[in-house]
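These are my notes from going through the structure.

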Amino acid sequence: MNLNKLLLLTSLVFTNLLGFAQKNHAHAPVAVSPDSTAKYEHAEGDFKIGEMIMHHISDAHQIHFGGSLYLPLPVIVLHDGHLDIFSSSNFYSVNEHGELDFRDYKGYRNHHEMIEYVGENATHDTHGHTVLDFSITKSVFGMLLIIALMIIIFRSVAKKYSNNPNTAPSGFQNLLEPFILFIRDDLAAPAMGPKKAEKYVPFLLTVFFFIWMCNLLGLVPFLGGFNITGTLSITLVLAVLVFLITSISGNKHYWGHIFWPPGVPVFVKVILVPIEIMSIFIKPAVLMIRLTANITAGHIVILAFVGLALMFGQKSELAGYSVGIGSVLFMIFMYFLELLVAFLQAYVFTLLAAMYFGDATQEHHAEHAHS
Amino acid sequence: MEGLLSVSVGTVFWASIAFIAVLVLLKKMAWGPIMQTLKEREEGIADALRKADAAKEEMSKLQASNEDLLREARNDRDRIMSEAKAMADQMRSEAVGKAQKEASAIIAKAQVEIETQKQAAISELKNQVADLSIQLAESLLKNALTDAEKQQALNSALINEFGKN
């Protein structure tokens, strides 16, 4: 109960902040910056597909729902030991094409979604220096949304479990139980044995559902094109956590294998040890890159089909419509594929994480199978 | 492209806080109770299965003993029946034997009686025949002895008859 209130309060604070910032914006002096990241469709009708795609998959300080509907997000910047919090709507005004005209605010400039400090009375050519940007960006916002959703969903499901422990699962509980059992019995248990798995299952479940739900959120159209799991900063955190858990739970056997591989001659050990040491970093790095690349690639392909129709539409209306039909068919296909990929990437990440944990905690007797 | 491949300190910061928070919260509020309940449920199911197996075994044991009991009862019945039958047979044959014996005794007695009666009748008849013969012979002799001639004739006839003998 308390937690729901907390979530509600947080969202209220956010909306207040946004509303307040909006008011500010109305009176803010207009200092037009010629930078316009969102101007992929110019007045002359010169459509730039690359800009459009990058605009959609990159992280941003505002959410573009489509048309001239933008949701400003809080900008939190740390500059010279001074914390500034304001709405991102101070950085732009929406013009009649539904595009953003950017401008500086309080000496800060949104330069291709990187906040820089350029100082007051800066000109277009002024080179600012990057500031520490703790803004609630599109991806962070989406992530918080997913986390709130996860807490609400799994709390209610857990309550159902606690309240009716001996009845058959029903409703949402029934939907989620196969996945929970799948992670526990078919993923964690084979990787490290059912006894040890108990310790790691909460992390694996959280990672699995977090990635999956983030992936799915990215597939919902008209929500601003979230690309949470395609944001390197976020997958980096997941990968670092996997690395930390693997390293901390690594037993003598695991480290022994890395620093003094058994059963090989000394000169091979000299070659092997650096490779093994590199591998403990490469493994989580690969997790991170695979997830980011897969999700981003899926978004790029779908957006490319949208862009294709628009590009042809620029040449002639007929070409636009005819290519559009093909594009839509391919997009439907891609959407199904992406739904599969959304699950698959969550599964692969969780599976590999479980296997790394399994490697790290393997008991001595399993060594004979290796060497 | 720089936006895609760069790592933002702020995003890393928020992601770390948010993910660790959700991990801790869910572990406490959701995964703990869910895993606990699932484990209990699985144990409950395993226990129930075990109990069902035991009950089944008990049942089959009971059934076997029931069958044993039934077979025993059937055997008892058969035995009692056959014993009763044998006894009845014996009694019947005894009765028949006794009856036969009595009947034959009666018959024998009757035969003896008949024989005695017959002998008595025969001797009675013989006596009467002898009396009659004597009377006849007397009257005949009287008749014959009345006349000398006839007496003569008779003498000779008798002499003839007896003489031959």
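I looked up burial in chain A: 46% of its 371 residues count as buried, where buried means under 20% relative accessible area, exposed over 50% and partly exposed in between, with a 1.4 Å probe and protein chains only. The model is predicted, so I kept in mind that local features need pLDDT of at least 70, that side-chain atom pairs count only at pLDDT 80 or more, and that totals for chains, interfaces and linings use all residues. Residues are numbered from 1 along each chain as its sequence is written, chains are lettered from A and ligands numbered from 1 in the order in which they are written, and side-chain values use heavy atoms, with hydrogens and water left out.

I listed the secondary structure of chain A and found 10 helices and 10 strands. Helices (H or I, at least four residues) and strands (E, at least two) are DSSP runs numbered from the N terminus. For contacts in chain A between residues at least 6 apart in sequence, I noted that 66% join residues at least 24 apart; contact means heavy atoms within 4.5 Å.

**Strands**

I traced an open sheet of 3 strands in chain A, ordered S4-S3-S10 with antiparallel pairing. Its edge strands are S4 (82-87) and S10 (132-133) of chain A, each pairing on one side only. Two strands pair if DSSP finds at least two bridges between them. Strand S3 (residues 74-79) of chain A has 6 bridges to S4(A), and I noted A:Leu83 in S4(A) as the bridge partner of A:Leu78.

I then followed S7 (residues 108-111) of chain A, which runs antiparallel to S8 (residues 114-117) of chain A with 4 bridges. A:Asn110 has A:Ile115 of S8(A) as its bridge partner. The hairpin of S7(A) and S8(A) has 2 residues between the strands, and A:His112 takes a positive phi near 50° there. S8(A) is also joined by 2 bridges to the antiparallel strand S9 (residues 129-130) of chain A; the bridge partner of A:Glu116 is A:Thr130 in S9(A).

**Helix contacts**

Which helix of chain B does H5(A) pack against? H5 (residues 194-219) of chain A packs against H2 (residues 9-145) of chain B at an angle of about 120°, with the axes 9 Å apart. I used axes that are lines fitted to C-alpha atoms, for helices over the stretch in contact, with angles from 0 to 180 degrees between N-to-C directions. H5(A) and H2(B) are therefore oblique to each other, given that angles under 35 degrees count as roughly parallel, over 145 as roughly antiparallel, 65 to 115 as roughly perpendicular and the rest as oblique. Residues making the contact include A:Phe203, A:Phe209 and A:Phe210 of H5(A) and B:Phe19, B:Trp31 and B:Met35 of H2(B). I counted 13 nonpolar, 1 polar and 3 charged residues in this contact; Ala, Val, Leu, Ile, Met, Phe, Trp, Tyr, Cys and Pro count as nonpolar, Asp, Glu, Lys and Arg as charged, and the others, Gly among them, as polar.

Within chain A, the axes of H3 (residues 138-163) and H4 (residues 171-192) come within 9 Å and cross at roughly 100°. That makes H3(A) roughly perpendicular to H4(A). Among the contact residues I noted A:Phe154 and A:Tyr161 of H3(A), and A:Phe172 and A:Leu176 of H4(A).

**A:Leu339**

I checked A:Leu339, which lies in helix H9 (residues 317-361) of chain A. A:Leu339 is partly exposed, at a relative accessible area of 40%. Apart from neighbours within four places in sequence, A:Leu339 is in contact with A:Leu216 and A:Leu219. The C-alpha atoms of A:Leu339 and A:Leu219 are 7.8 Å apart, with 120 residues separating them along the chain.
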